[in-house]
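Here are a few exercises to work through with the model open beside you. Have a go at each before reading its solution.

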Amino acid sequence: MTIVALPILIPFVFIILLIFFRSERISRWQGPAGTLLLVFLSVYLFSKVIENNILTLQMGGWEAPFGITLVVDYLSALMLIVSAVILFAISIYAHHFLPKEMSLNRFYIFFFGLTMGLNGAFITGDVFNLFVWFEVMLMSSFVLITMGRKKDQLEGGIKYLALNLVGSLLFLAGVGLLYGKTGTLNMAHLAQILKNDDQAILMNTSAILFFIAFGIKAAIFPLYFWLPASYHTPNITISSLFAGLLTKVGIYTLIRFFTLFFVHDPQFWHQLLLIIAGFTMVAGGMAAAAHYETRRILSYHIISQIGYMVMGLGIFTPLAIAGAVFFTLHNMIAKTNTFLVAGMINKYRGTYYLKDVGGLFKQSPLIAVLFIIPAFALAGVPPISGFFAKFILIKAGIENGNYSITAVAIITAMFTLYSMIKIWNEAFLKKQPGDQAVAQEKIKLRFAEVLPSLFLGLISILMGIFAMNVFNFTMQAAEQLINPDFYISNVLKGIKL
Amino acid sequence: MEIVLAILVGVLYTAGVYMMLRRSILKFIIGLIFMSNATNLLVFLTAGIVPGNPAFVDSGGTEKIVADPLPQALVLTAIVIGLGIVVFSLALKYKFFEVTGTDDLDQLKKTDS
């Protein structure tokens, strides 16, 4: 299946095209064209995955444990689809919300760089290759976050860079130790070796290095400080790009590693994951409740929601993993959408501080509706996607007897609801404070400007209405993750080692 | 030989962490260089050091212990990535210094809280 390599190759081709065709008029269309292509491709790949359950490609014809394998299973395919949809929405959003002095051409070059790293991380089946894709993604994100070159952006960029680089170094050290102990870096081969290993407890040294490295990327509890310090500094287009995608790659790799081969010491790891999940939820939720800047509230919110995904991994039943995957998919879309709407609020009022914003409901009911969809989705109001995501996780928690984490999850949902209502009350319901003339100013958003948000909102609702179908797919993904034998036998193709 | 290099890895990590905890951004970057070299050396050491033997087996299939070529390939990739990262962080530091005129990490508290 050569087509498996295309999610990496398409962004690469578009980077080259963007370098050669620099004019704003052409590059304006290259962004949406490339991401639309990715959407179609990922849907096609998903249909193939439904047919065959798993797709593998041995790069360069080198057989599995020696070469680099690309693997698309249910989890990868779902992540590819959702990230392609988000990338498509943001590539349109960038037309209107990127400031004039920023070149759209240069933005799209690094946008596709990030896309390439992201897709590579989703489909690779090799640990070192994963490291390389992480670096591709990180380098592009470093450039994007400092693109405006304002003081705040550079400062946020330095903080973002510092902690993420330390994370990468720990990741690399983990790769080294893992290779030293097992002599392989192919994920399926690792899983096969560690499955029947009675000294698997020695793997904890590597596992903890990976855990900290991915924990920094995923912004879990004691390691999240770079996120709220940097996500509110860049342009809103870039913030929303990062908000939906970057931390979720950390979650994806955590799920992949801790279901496929770091399964040797469940008592310790699942306890640790659950404790960290609880702290992540509460810390993020409380900090979000305390702030009055839209982007900061939403940034802390990302952290709070990461807790739910880690919780699913910590409970570790098929239902809980399915819930974590469902939650991740729903959260990527809804979270990006709230950031997009925050950008529109800023366009109306010129500020992100809720104290200075008001009266938007009267002025533009459309934006109010656009905000209420992802806000309700995040808070978990039926029938939008978030309700089912939380419902599955809480059901899994109760069935498995993890009552305390379930209680924390339910209480945190209240925090989420509170901070969403806060934005709603401040920005939409209350009167415009101070100068009334601002509220009267006629600003019309063009249809193309609201289109990305409308598109993502529609997907959130559809995910809620067809929750059963989506859940079936995530359940398939969870079954594949919990029983890695299928993955192993398909990647290694019966090679006896 | 391995034990000497292992101690060196430890020393490099110590120096790197110490430099990273200083207040200057430039010293932070120097610490980053130390840490990334320590990590590279660690990855290189994982296969053990086999002196005097090539990394490839001849067609006859030799019984000798051969050097493992994979960590060397990994380290080459990691060195290149590390170089890119250091160059980028130096450029970022330069830009930051141009805009703010400070090299003090304690001044970087505007975006927190």
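Two residues are in contact if their C-beta atoms, placed from the backbone, lie within 7 Å. This is a predicted model, where local features need pLDDT of at least 70 and side-chain atom pairs pLDDT 80 or more, while totals for chains, interfaces and linings use all residues. Residues are numbered from 1 along each chain as its sequence is written, with chains lettered from A and ligands numbered from 1 in the order in which they are written.

**Exercise 1.** Work out what chain B is made of and what share of its residues is buried.

*Solution.* Start with DSSP runs (helices are H or I, at least four residues; strands are E, at least two; both are numbered from the N terminus). Chain B has three helices and zero strands, giving the pattern α-α-α along the sequence. Next, take burial (20 or more other C-beta atoms within 10 Å of a residue's own; exposed is 12 or fewer, partly exposed in between). Of the 113 residues, 26% count as buried. Finally, look at contacts in chain B between residues at least 6 apart in sequence: 60% of them join residues at least 24 apart.

**Exercise 2.** Which elements of chain A give two or more residues to the side that touches chain B?

*Solution.* First, the count: 29 residues of chain A are in contact with 28 of chain B. On the chain A side, the elements are helix H5 (127–145), helix H6 (151–182) and helix H9 (226–230). H6(A) supplies the largest share, 19 residues.
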